[in-house]
Amino acid sequence: MFITFEGIDGCGKTTQAALLANFLEGKYRGNRRVVWTREPGGWDGGSWIRERILEGDFSHPMSELFLFLVDRCEHVRKEILPVLEGGGVVICERYTDSTLAYQSWGRGIPSEKVETLFEWCSFPRPHKTFWLDVPVKTAMERVCLRGGRDRFEAEGYSFLERVREGFSSLAKREPQRICTVEASSEPQALASRILSLVEVSLSR
Ligand code: TYD
């Protein structure tokens, strides 16, 4: 099973992905691999591309998009597919929906173009995606508390509002795959809701 977590920076993806990975590891007790990973840079040797992406300084708007795609191609081949093909579970923080939300809704690259590139790359589709939705103001307060903003977080409110709008449109378009989780509340309560949704998907 392939599960992704999505949302604007500071929505709490890492906490929820960790709690889910922990729960599934306990459930399978080594009988099934459970891998928790993230984009960009979640593959062996991928830290350089994460650093380049976060540094930025691109003159062409497509450069950033292509770097995310290169990162995903390697991530899929090296980490995600081997686990899925072996019957394991992959929990991934950010994936194709982030590219649509940030590079299409945020940066304005037409989504049909981005989706054509996804097809060319043959990216596997997640079985379940949790979109952790929080107001931009709440997310930014959390990001400031944990200290320092990356260049996407520093883009400002209107950029992140467009990104949030992007996630919202994607969730409306694919309600079966994308579960919208109102993520302002207490992490343990959110985790219980997410676990129950995962259990339902696993039992199908
Ligand atoms: P990351 O540091 O993992 O974000 P977070 O602050 O949520 O921990 O990701 C770095 C940034 O990359 C994040 O601001 C979102 C952005 N991003 C895109 O713009 N497009 C993409 O396809 C992906 C995967 C990430």
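**View 1. The crossing of α3 and α5 is right-handed.** A crossing has this hand if the near helix is turned clockwise from the far one, and is left-handed if it is turned anticlockwise by less than a right angle. Contact between the helices (heavy atoms within 4.5 Å) involves Leu65, Phe66, Leu69, Arg72 and Cys73 of α3, and Val114, Leu117, Phe118 and Cys121 of α5. These contact residues comprise eight nonpolar, no polar and one charged; Ala, Val, Leu, Ile, Met, Phe, Trp, Tyr, Cys and Pro count as nonpolar, Asp, Glu, Lys and Arg as charged, and the others, Gly among them, as polar. The axes of α3 and α5 come within 11 Å and cross at roughly 25°. The pair is therefore roughly parallel. Axes are lines fitted to C-alpha atoms, for helices over the stretch in contact, with angles from 0 to 180 degrees between N-to-C directions; roughly parallel applies under 35 degrees.

The model is predicted: local features need pLDDT of at least 70, side-chain atom pairs count only at pLDDT 80 or more, and totals for chains, interfaces and linings use all residues. Residues are numbered from 1 along each chain as its sequence is written, and side-chain values use heavy atoms, with hydrogens and water left out.

**View 2. The largest pocket holds about 640 Å³ of space.** A pocket is an open set of points on a 1 Å grid over the protein atoms alone, with protein on both sides within 12 Å along at least five of seven lines; lining residues have an atom within 4 Å of a point. Of its 28 lining residues, Asp9, Lys13, Arg94, Arg146 and Glu153 are the closest to the centre. α4 gives the most to this lining, with four residues. By class, the lining has seven nonpolar, eight polar and 13 charged residues.

**View 3. The second largest pocket holds about 220 Å³.** Among its 15 lining residues, Thr96, Leu100, Glu115, Phe118 and Arg125 lie nearest the centre. α4 and α5 (111-121) each supply at least two lining residues. The lining divides into six nonpolar, two polar and seven charged.

**View 4. The largest cavity holds about 30 Å³.** In a cavity, a 1.4 Å probe fits but cannot get out. Glu6, Asp97, Thr129, Trp131, Phe167, Leu170, Ala171 and Ile178 line this space. α7 provides the largest share of the lining, three residues.

Technical notes
Grid points are joined across faces, edges and corners, and a volume is the space filled by probe spheres set on the points. Angles under 35 degrees count as roughly parallel, over 145 as roughly antiparallel, 65 to 115 as roughly perpendicular and the rest as oblique.
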